[in-house]
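Me: I'm new to reading protein models and would like to go through one slowly. Can we take it in questions and answers?

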Amino acid sequence: MPLSSDEAIVLRTRKLAEADRIITLLTRQHGVVRAVARGVRRTSSKFGSRLEPFTHVDLQLAVGRNLDTVTQAVTRDPFGAAISADYDRYTAASVMLETSEHLVAEEREPSVQQYLLLVGGLRAMTAGERRPGDVLDSFLLRSLAVAGYAPSFDACARCGLEGPHRAFNPAHGGMLCPGCRLPGSAHPAPETVTLLGALLAGDWPLVETADVRSRKEAAGLVSAYLSWHLERGLRSLPYVTR
Ligand SMILES: [Zn+2]
């Protein structure tokens with residue numbers, strides 16, 4: 001079997017037969033890949049805990065017709081330990097993994113930008129310098145932008161008229177001017193719209209100044225926008241505390 005090397009984040013795992021697991025990975029070069037890890041559920045496994053969710057690994061895979069097989073795994077960053085130890089980090093980072101898998105729907109379709117966003121997001125989550133909810137919302141908005149659904153928080157998403165505007169409509173790409181406003185729009189506070197723009201741009205000094213009310217409102221709008229574009233709810237999202 002041909003071998004392939006890649007680096008990856010472990011997204012999820014499920015049991016296969018008695019001692020094996022199927023590992024779903026977001027790899028740097030090959031997008032989402034599913035691979036079998038043989039014997040990984042034995043305590044004597046050579047993989048140890050390296051193939052648990054959130055772990056950043058260097059992998060060697062034996063390429064199969066349907067599923068690849070993991071032949072080697074070396075830890076780059078053990079993000080799982082720091083994330084699992086804290087409920088807020090764990091729930092927020094779980095949404096990051098689930099979103100990454102859904103946004104890179106096509107298996108083996110490279111998505112380097114999404115991969116780099118996920119590695120950067122998990123690193124920020126474990127560093128603990130920022131609120132888990134802020135790291136998550138910034139990650140979600142940037143992931144949507146990478147996937148081609150960049151929301152507009154300033155100019156009107158339909159006609160391009162310079163903002164600020166008052167109406168937010170997830171189905172129509174973000175803020176809408178009075179002329180383009182459609183039924184079903186939300187009317188967030190101006191501070192919330194500023195915060196959303198800062199989260200998308202990664203303007204952390206501005207994000208840090210936001211109050212609790214704006215954060216909560218922004219989180220609700222981000223999740224509405226995400227659900228609309230994924231055309232589904234996320235299993236992990238309801239667990240995030242805001
Ligand atoms: Zn307009």
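Me: Are F168 and Y225 buried or exposed?

Reply: Quick background: this is a predicted model, where local features need pLDDT of at least 70, side-chain atom pairs count only at pLDDT 80 or more, and totals for chains, interfaces and linings use all residues. Residues are numbered from 1 along each chain as its sequence is written, and side-chain values use heavy atoms, with hydrogens and water left out. Buried means under 20% relative accessible area, exposed means over 50%, and partly exposed is in between (1.4 Å probe, protein chains only). By that rule, F168 and Y225 are both buried.

Me: How many aromatic pairs does the structure hold?

Reply: Rings of Phe, Tyr and Trp (its six-membered ring) pair if their centres lie within 6.5 Å; planes under 30 degrees apart are stacked, over 60 edge-to-face, and the rest tilted. With that rule, the number of aromatic pairs in the structure is three.

Me: What kind of aromatic pair do F54 and Y90 form?

Reply: The centres of F54 and Y90 are 5.8 Å apart, with 70 degrees between the planes. This pair links distant parts of the chain, 36 residues apart: F54 is in the loop between β3 (31-37) and β4 (56-62), and Y90 is in helix α2 (residues 87-103). Helices (H or I, at least four residues) and strands (E, at least two) are DSSP runs, numbered from the N terminus. As for the kind of pair, F54 and Y90 are edge-to-face.

Me: What about F168 and Y225: how many degrees lie between the planes?

Reply: F168 and Y225 form an aromatic pair at 6.2 Å centre to centre, and the pair is tilted. Here too distant parts of the chain are linked, with F168 in strand β6 (residues 167-169) and Y225 in helix α7 (residues 212-230), 57 residues apart. F153, F168 and Y225 form one aromatic cluster. The angle between the planes of F168 and Y225 is 50 degrees.

Me: Which residues coordinate the zinc ion?

Reply: Donors are N, O and S atoms within 2.8 Å of the metal (3.2 Å for Na, K and Ca); water is not among the atoms, so sites may look incomplete. In sequence, the donor residues here are spaced C-x2-C-x17-C-x2-C. Each one uses its SG atom, at 2.3 Å, and the residues are C156, C159, C177 and C180.

Me: Why is the arrangement around the zinc ion called tetrahedral?

Reply: Four donors count as tetrahedral if all angles lie between 85 and 135 degrees; four count as square planar and six as octahedral if opposite donors are over 155 degrees apart and all others between 65 and 115, and anything else is irregular. The arrangement is tetrahedral because the four donor atoms around the zinc ion subtend angles of 103 to 114 degrees.

Me: Which residues is C177 in contact with, leaving aside its neighbours within four places in sequence?

Reply: C177 sits in the loop between β7 (174-176) and α5 (190-201). Its relative accessible area is 4%, so C177 is buried; C180, at 13% relative accessibility, counts as buried too. Contact means heavy atoms within 4.5 Å. Leaving aside those neighbours, the residues in contact with C177 are C156, C159, L161 and H165.

Me: How many disulfides does the count come to?

Reply: A disulfide is a pair of cysteine sulfur atoms within 2.5 Å. By this rule, the count of disulfides is zero.

Me: How many bridges join β2 to β3?

Reply: Two strands pair if DSSP finds at least two bridges between them. Strand β2 (residues 20-27) has seven of its eight residues buried, and it pairs with strand β1 (residues 3-16) in the antiparallel sense over eight bridges. β2 and β3 form a hairpin with three residues between them, and T27 stands opposite G31 in β3. These two strands run antiparallel, and the number of bridges joining β2 to β3 is seven.

Me: Which residue in the turn between β1 and β2 has a positive phi?

Reply: β1 and β2 form a hairpin with three residues between them. At 62% relative accessibility it counts as exposed, and it is A17.

Me: Which peptide bond is cis?

Reply: Look in the loop between α4 (132-146) and β6, where P164 lies. The cis bond has omega near 5 degrees, and it runs from G163 to P164.
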